[in-house]
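Here are some friendly notes to read alongside the model. Please keep the structure open and look up each residue as you go.

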Amino acid sequence: MFRHVPLGSLKVFRRACLPSKTRAAFLSLSMTSPVNTGSSVSWKPNTYPPAARGDHVDVYKSEKDGDVRIPDPYRWLEVDSPQTDEWTTAQEQYTNAYLEQLPHRQQLTDEIRANTNFPKFSPPVLHGSRWYWSYNAGLQAQPVIYRSKDAILPEFSNHDGGPGGEVFFDPNVLTSDGTASLATSAFSEDGKLWAYAISLSGSDTATIYVRSADSPMDVSKPDMPAGGYGRLDEELSFVKFSSVEWTHDSKGFFYQRFPERTAKKDENGGASGTIDTEKDENAMLCYHKIGTKQSDDLIVYQDPANPHWMFYAGITELDGRYLFLYQTKDTSRKNLLWVTDLESNEIGPNMKWTRLIDEWDAQYHVIGNDGPLLYIQTNAQAPQQKVMTLDLTDEKLERKELIPEDPKAHLESVDVVKDKLVVVYKRNVMDEIYLYSKRGERLERVAEDFVGSAYVTSKQDQSFFFVSMSGFTMPGIIGKYDLDASNWAIYRSKLLKGLNPLDFESQQVWFSSKDGTRVPMFIVRHKSTPLDGTAPAIQYGYGGFSISINPSFSSTILTLCQKFGFVYASVNIRGGNEFGEEWHLAGTKERKANCFDDFIYATKHLVENKFAAPGKVAINGGSNGGLLIAACVNRAPELFGCAVADVGVMDYLKFNKFTIGHAWVSDYGNPDDPHDFDFMAPLSPLHNVPKDKTLPPYLMLTADHDDRVVPLHSFKLTATLQHTLPNNANPILLRVDKKAGHGGGKSTEKRIVESGDKWSFVAHCLGAKWRD
């Protein structure tokens, strides 16, 4: 899904300030006997903080049953109020009292921190006369932007010798706790100006600032202002889900903003002091001219008749002549595509657009051009994607196929580099990199022995490109391919300090889901962990929004495999993009249950094939994956030894009422539509809690600044579970993170502490033993 100042409503109260019943519940944590959670943590059922139940009833329209009345007793948790604050504070204290008893919590947190402490970096990109790249020494809260002293490509040995270059911008000095992050940024065509969007506390809302390349951030001064010292006067607020696209004269850029929020504002233009649930509507594509106020920005395009639509700009890379307007109405892989010639059109609301694509039939993305000839990646009549061309001088605007769809591999990305196309295919969830001619001929495969995920960084006028590669047991390699010399070489490698990748192994297995569909899953383990049906396991999934779950490196996961002997299973269930649009659609709307079936049958496969012990599989997912976890717990709680749901969509009947939730109807359906309501109501985690089953130990995580999947989803499900199953033999807990959002921009230390909390909970509940 779309994957900040402190929130006053969720401030921490002292335990003595809590209601007397809540204080009694906390006292019971250290006085009672453990129940089904291990030998060293004291806990008993029916001691949860109380939650008032209201009499609110929502009326939905059903195609089969007409008006359907559904009680919503915790509707008050949708509203930021003293009552909500008191309840969330009580839940936080209750959960902390449990977590504080976990025997290996601090030990695991320290181990994760130690293994996270290795350098991480991006490929360099040339802007003007300098190369720029990001670098994190290991435990810095946010990556730092470094740059070279000249236009010579910096060279790095495989043995990391530090960041190289000089600091250009360090977001870590913007706040004292590392909660300011870089949301997006772009250099002007001449490389002299840099526009950058800063998000606070993980919010999707950001503020754009502008800085001269001649003015790197001065980190020595105290009392750092918003955006840092040395920037220009620009401050563009209410920016959300936006890119920055400069015109080639370097005089200004296009960006997307939303209207001013009705709630009190923070520095991003987002809600401050409240849980932000206001709908994201009436987006505007604007043009900002450097040196002017945001109030003077030109509104290039808006559509009041369609308040949910959003807009993105693109400009041809080499000549800067053509401006593209992308319009989206939801998260489906469909968009409109218009173009205008900037040489003959003055920027503003009266620009003349040629409507290249004016129907919602497919996804279209311009990847490059040779003058008026456009190269376009699309899924039009090609679920696995293809490349076509379109000549703007052709009166008929005929679309011609250049690289046809490969029915056995998904076309992930295409980059135009000089006279070649760099194409990345995903075949059975593993990336392959190829060179093509501009006539559509496949020329060669690059890095043929590589197994994992690949991302290309290139410029159309450069004769080389970089590929960032990683996998479950490979922290990352940046390779460089020189087109002139036809030479592939390793440019820079990430080197671990606390883990040896050779101690671990990964493999891919396939299993049959409920309906017979074959589904792949990656298995990762420490080589010393036996596959004899005795190991504990962590099973992860997502399954939505055409997002692939690719092989990726996690020092945290490898730490768990090393220290507790966990087997890690990453499942590529339907709903993702691993096998193209048909695979995605097979996990949407009426077919959403396929995602849950795939995930449940993955657990069965792990146990039946002795990858994991019965009852010792912990399931985890976030966002749409949090919905997955909650739905699977409702359906088959007896299969799982533990469940951890991060920032999940739990109220399947009201998600479209808050922030950007309306965009998700393309995947989930529209609960306000009588037809959709009938298949959605039986899937909603909030409304289908089993009353006659024992649930596994259950931890839900959310964050106070999550303005994508707003925290009320987790609040309401937690209250419902604790009320419906007060005597459940296993704990049902809620963890609320402060000054954090949906996950993006979260500081390194926050990630480490969160990982220590949730994975020590899992290890304890599964009875996993620490291995020195």
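1. Start at Val429, which is found in the loop between β25 (420–427) and β26 (430–437). Helices and strands here are DSSP runs (H or I and at least four residues for helices, E and at least two for strands), numbered from the N terminus. Val429 is not a glycine, yet its phi is positive, at about 70 degrees. For background, most residues other than glycine have a negative phi. Val429 has a relative accessible area of 0%, so this residue is buried. The term buried means under 20% relative accessible area, with exposed over 50% and partly exposed in between (1.4 Å probe, protein chains only).

2. A word on the source: this is a predicted model, in which local features need pLDDT of at least 70 and side-chain atom pairs count only at pLDDT 80 or more, while totals for chains, interfaces and linings use all residues. Residues are numbered from 1 along each chain as its sequence is written, and side-chain values use heavy atoms, leaving out hydrogens and water.

3. Now look at Ala447, in the loop between β27 (442–446) and β28 (453–458). Ala447 is another residue other than glycine with a positive phi, near 50 degrees. Is Ala447 buried or exposed? With a relative accessible area of 16%, Ala447 is buried.

4. Strand β28 leads us to an open sheet of four strands, ordered β28-β29-β30-β31 with antiparallel pairing. Two strands pair if DSSP finds at least two bridges between them. The edge strands, β28 and β31 (487–493), each pair on one side only. From one strand to the next, the twist averages 25 degrees. Strand β30 (residues 474–482) and β31 run antiparallel and are joined by six bridges.

5. How many aromatic pairs does the structure hold? There are 41 of them. Rings of Phe, Tyr and Trp (its six-membered ring) pair if their centres lie within 6.5 Å; planes under 30 degrees apart count as stacked, over 60 as edge-to-face and the rest as tilted. Take Tyr196 and Tyr209: their ring centres are 5.8 Å apart and their planes at 40 degrees, so the pair is tilted. Tyr196 lies in strand β9 (residues 193–200) and Tyr209 in strand β10 (residues 205–212), so this pair ties together parts 13 residues apart in sequence. Both Tyr196 and Tyr209 are buried.

6. For contrast, visit Phe545 and Tyr668, whose ring centres are 5.3 Å apart with planes at 75 degrees, so the pair is edge-to-face. This pair links distant parts of the chain, 123 residues apart: Phe545 is in the loop between β34 (537–540) and α4 (555–564), and Tyr668 is in helix α8 (residues 665–668). Phe545 and Tyr668 are both buried.

7. Ring pairs also build a cluster, linking Tyr132, Phe168, Phe169, Phe187, Trp194, Tyr196 and Tyr209.

8. Finally, some rings have a charge over them, meaning that NZ of Lys or CZ of Arg is within 6 Å of the ring centre and within 35 degrees of the ring normal. Arg442 lies over the face of Tyr434, at 3.8 Å from the ring centre. Likewise, Arg492 lies over the face of Phe121, at 3.9 Å from the ring centre.

Note on methods
Axes are lines fitted to C-alpha atoms, for helices over the stretch in contact, and angles run from 0 to 180 degrees between N-to-C directions.
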